[in-house]
Amino acid sequence: MKRANGKSHCPINFGLETFGDPWSLLIVRDIVYFGKHTFKEFLASEEKIAPSVLSARLTQLEAAGVLVSSPDPVDRRRVSYRLTEIGLRLIPILVEIAGWSARVDPDTEAPLDWVDLVDSRKPEMIAMITETVRGGGCVFIGEDSVLAKLGAPTLG
């Protein structure tokens with residue numbers, strides 16, 4: 001990603017230039033935690049992103065090297081998005097944000113037993129999540145999910 005002119009070279013500033021809106025990290029979240037890969041799947045997220053905003057964020061994340069798109073393997077008319085190796089490096093950040101938020105937000109829907117498990121085995125869990133997502137799976141949904149690998153029931 002190219003920096004905006006006149007901006008500092010601070011790493012936090014760079015991150016904010018890349019992810020300075022909630023939508024970008026929510027798209028990454030949807031891939032990592034829920035196995036979403038298509039425009040229609042992202043659009044169905046409960047945060048209700050507008051189609052024009054979603055399109056712009058997907059383009060921005062591709063330009064930043066976080067996502068790569070390809071024809072969907074099931075329906076080649078659709079586009080499927082996946083994380084690149086650069087995008088996979090966001091998984092520890094998502095894990096930290098989720099853990100912090102689940103403990104601070106009084107209205108969280110995150111299961112605290114899951115948060116406790118991730119906290120107690122963080123390096124192992126981050127590695128497992130990363131490898132699962134790299135292989136096309138996700139954390140919570142499906143037979144190839146992290147939950148399934150742990151022998152826990154899936155959420156969907």
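In the predicted model, a search of the whole structure returned 5 aromatic pairs. One of these involves Phe34 and Phe140, whose ring centres lie 5.9 Å apart with the planes at 40 degrees, so the pair is classed as tilted. Phe34 belongs to helix α2, whereas Phe140 is found in the loop between α8 (122-134) and α9 (146-149); the pair therefore ties together parts that are 106 residues apart in sequence.

Helix α2 was also examined for its packing against another helix. Two packed helices are described by the angle between their axes and the distance between the axes. For α2 (residues 22-34) and α6 (residues 91-104), the angle is about 95 degrees and the axes are 11 Å apart. Because angles of 65 to 115 degrees count as roughly perpendicular, α2 is roughly perpendicular to α6. On the α2 side, the contact is formed by Leu25, Val28, Arg29, Val32 and Tyr33, and on the α6 side by Ile91, Leu94, Val95, Ile97 and Ala98. The contact comprises 9 nonpolar residues and 1 charged residue, with no polar residues.

Both helices also contribute to a pocket. The largest pocket has a volume of about 860 Å³. Its lining consists of 29 residues, and those nearest the centre of the pocket are Arg29, Phe34, Ala98, Thr108 and Ala110. At least two lining residues come from each of α2, α6 and α7 (112-120), with α6 giving the most, at 7 residues. By class, the lining of the largest pocket contains 16 nonpolar, 4 polar and 9 charged residues. Phe34, a member of the tilted aromatic pair, is thus among the residues nearest the centre of this pocket.

Key. Residues are numbered from 1 along each chain as its sequence is written. This is a predicted model: local features need pLDDT of at least 70, side-chain atom pairs count only at pLDDT 80 or more; totals for chains, interfaces and linings use all residues. Side-chain values use heavy atoms; hydrogens and water are left out. Axes are lines fitted to C-alpha atoms, for helices over the stretch in contact, and angles run from 0 to 180 degrees between N-to-C directions. Helices (H or I, at least four residues) and strands (E, at least two) are DSSP runs, numbered from the N terminus. Angles under 35 degrees count as roughly parallel, over 145 as roughly antiparallel, 65 to 115 as roughly perpendicular and the rest as oblique. Contact means heavy atoms within 4.5 Å. Ala, Val, Leu, Ile, Met, Phe, Trp, Tyr, Cys and Pro count as nonpolar, Asp, Glu, Lys and Arg as charged, and the others, Gly among them, as polar. On a 1 Å grid over the protein atoms alone, a cavity is a set of points where a 1.4 Å probe fits but cannot get out, and a pocket is an open set with protein on both sides within 12 Å along at least five of seven lines; lining residues have an atom within 4 Å of a point. Grid points are joined across faces, edges and corners, and a volume is the space filled by probe spheres set on the points. Rings of Phe, Tyr and Trp (its six-membered ring) pair if their centres lie within 6.5 Å; planes under 30 degrees apart count as stacked, over 60 as edge-to-face and the rest as tilted.
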